[in-house]
Amino acid sequence: MYFLNRHTLLISGKGGVGRTAVAAAIGLASSRAKKRTLVLEISYEESSQSALGARFGRPNLNEEALPIDDYLAIGRLNAKVGHSLFLRTILPSKTLIAAALRSKAVHKFLTAAPSLHEMGIFYHLLTLIQKTRADGTRKYELIIIDMPATGHTLALTGLPAILLRLIPAGPIARALKDGQAILNNPDLSEAWIVTLPEKLPVTEALELVDGLTETDVTVGGMILNRMPPDPFTEDERAVLDAYCETGHFFGQLTLARIRAAKVAMSDLKNRFDAPVLTLPEVVDTDLMTNPLQSHISELMGAES
Amino acid sequence: MNPIQDLIRTRKVIVCCGAGGVGKTTTSAALGLAAASVGKSVLVVTIDPSKRLAEALGVDRNPERPIPVDIDGLIDKKSEGSLSAWMLDPQLIADRVVERFSGSNRDASTLMNNPIYQNVTAMVAGMQEYTAVQALYEFIHDDRYDLIILDTPPSRDALRFLDAPERASAFLDRRIFNLFVPGEGSAIRRMTTKLLEKVMDVSFGPDTRRELQQFFQLFGGLLSHLNHNQAEMRRFFGGEDVSFLLVTAPTSAALEETQFFSRRATGELDLDVAGVILNRSLTHCRGWTMPIPGFHEGQDPVLSAAILKLRQFSLREQEMMEGHLQLKGELAALSGDKGWVFTLPHLGPDASTLDGLSAIAHYMADDENDQYEK
């Protein structure tokens, strides 16, 4: 069984591979399996529209977790929210909290100083992971994070180790260690890398595996998105290849792409020692009826 | 003359902007090759490219200085041109700045040993873009190269590069830096510094707070030089030797992105956006044949069956080509009197090999090429 037996899933991969669609589809599938699920994206610019929210018809999604139905909520991680949550827990007096939150200098420092931006996002995530219900059970059984592009992902997953070297003690260090205890525990957290069945994306996905492994994040597997269907028998393939030699035909690019996708997939399977799941190419329309979700539901039921 | 030829012959700097994943690095490298083949000595500056492109160009990652690329056999004529590539390491550029501008050798080495500084380029948003501009600054007064092509760092949106220097300078602002350094200024300043110290002490502990203050004090001293360079570069970017190109791919967001980019770059920043490169397009498929099952009498029945199965893909490709042609027209309409759109073919997985680069460069050099629209 994939995805469901973890607390947090980091969905990573380079831009344009369909990361947000996959994260949202896993969220939908998990909520339909009656798991209390939260899908998060990271907002680097507060004013920017939400790519995740747009898939649920809520492009103006803000920092509050927004319930979609009984089991599914979506939200955005934001540094500023994290900073104010953090200042509230560490500062000894209300007056000091108010002064710090009002101070332009503190605000500028928090947004601009090295790593503190990532730290805010990290802290916001941590508080959501730790949220409980009245009966003490976790508010969200599965949290799925649509991670930013490669560089920002590694800045975030590498943050605890870097910052702990700089700041070995104090409340930030404690928060970082709490976060590590969850995100670096393979029983609780996994990263899944979304990539495409093409040569370059596969190479880059493998580089990302190395990067994530260096930051002590366990890679659960890869999701090969937009795998083109191959309806041809070997005989048909051979005659078509010969036919395409005789001129330029519409359809020949797809034939080349199907071939390249198969090569890329077997190359990936040879070089990567964890599950490789494939998702077919679908026309990306309204998410609630998105066929990706039913494919993922199937994968969730599959034995791993 | 096709507009790319015009550009590589007349400009000194071409800045390639574009969102991540559109093939910007490949396009920059191919532009460099195209310029070398008309006799220019070219430097392509790129930040953290994919390993494969570095391999294709036969250069190491993050070398200390530009490395000549072996282009024999890649360019047709016996041209005088040369191509160098520099995969830039932002930390290295920052170190150079520190060495050059620090008040003393002791200050420089204290700063370089400061743990905050050692992580600064990895940790400050916009720092990569900032150092890219610093690196370019080293070369603009240097006549070793006729043309420098700057491949901007990968980001979610094309505008990032234009905004990044400001974003970094929000951090690299002397006035903010001074707030962290105790013992100077007015009573209000000193009170603010005290508040910050308090917040930092409870957040990080006093040791880290002192390291931060040391970093702010020493690095703050370099800011006037950095900001001077940055201001000079901004003027240089606005000059007639420099053009910006937007690299985009045929997606639903392409039109809107181009609109935003042009407005911001031309309207607000007064930069020269020469044109748009529509990468990975199928516009070159105009004139291709639609395969028809059973078209020839006595056609192999296996082939007929296969063509029948292929039909959905053939129709889809034709439809995409039409969509791309339309997009090209719409982009051209957006780009004003002087602007243009140049389409590059979808080469698939081969695009970033040396042969692929060479194919794209030939495409850019082709004067008969009808893939552009003004």
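Predicted model: local features only at pLDDT ≥ 70, side-chain atom pairs only at ≥ 80, totals over all residues.
**Chain B as a whole**

Begin by selecting chain B, in which there are 16 helices and nine strands. Chain B has 374 residues, and 46% of them count as buried. If you consider the contacts in chain B between residues with a separation of 6 or more, you will find that 78% of these contacts are accounted for by residues 24 or more positions apart.

Now go to chain A and select A:F3, which lies in the segment before strand β1 (8-12) of that chain. The phi angle of A:F3 is near 70°, which is a positive value in a residue other than glycine. Is A:F3 buried or exposed? A:F3 has 23 C-beta neighbours inside 10 Å and therefore counts as buried, since 20 or more are needed for that.

If you colour the buried residues of α1(A), they include A:R19, A:V22, A:I26, A:L28 and A:S31.

Move on to A:K34, which sits in the loop between α1 and β2 (37-42) of chain A. A:K34 is exposed, with 10 other C-beta atoms within 10 Å, whereas A:F3 counts as buried.

**Helices α8 and α9**

Select residues 159-166 and residues 171-183 of chain A together, so that you have helix α8 and helix α9 on the screen; their axes come within 10 Å and cross at roughly 150°. How are α8(A) and α9(A) oriented, roughly parallel or roughly antiparallel to each other? An angle over 145 degrees counts as roughly antiparallel, and this is therefore how α8(A) and α9(A) run. Their crossing is left-handed. To see where the two helices touch, show A:P160, A:L163 and A:L164 in α8(A), which meet A:I172, A:A173, A:L176, A:G179 and A:Q180 in α9(A). The residues of this contact divide into six nonpolar, two polar and no charged.

**Helices α10 and α12**

For a second pair, select residues 199-214 of chain A, which are helix α10, and residues 252-271 of chain A, which are helix α12; the two pack at an angle of about 20°, with their axes 9 Å apart. That angle makes α10(A) roughly parallel to α12(A), and the crossing here is right-handed. On the α10(A) side, the contact is made by A:K199, A:V202 and A:L206, and on the α12(A) side by A:A260, A:A264, A:D267, A:L268 and A:R271. Which kinds of residue make up the contact of α10(A) with α12(A)? Five are nonpolar, none is polar and three are charged.

**A last stop in helix α11**

Finally, select A:D241, which lies in helix α11 (residues 234-244) of chain A. With 14 C-beta neighbours inside 10 Å, A:D241 counts as partly exposed. Draw a distance from the C-alpha of A:D241 to the C-alpha of A:T203: these residues are 38 apart in sequence and 27 Å apart in space.

Note on methods:
Residues numbered from 1 in each chain as written. Chains lettered and ligands numbered in written order. Helix = DSSP H or I, 4+ residues; strand = E, 2+ residues; numbered from the N terminus. Buried ≥ 20, exposed ≤ 12 C-beta atoms within 10 Å, placed from the backbone. Contact = placed C-beta atoms within 7 Å. Axes fitted to C-alpha atoms, helices over the stretch in contact; angles between N-to-C directions. Parallel < 35°, antiparallel > 145°, perpendicular 65-115°, else oblique. Left-handed = near helix turned anticlockwise from the far one by under 90°. Nonpolar A, V, L, I, M, F, W, Y, C, P; charged D, E, K, R; others polar.
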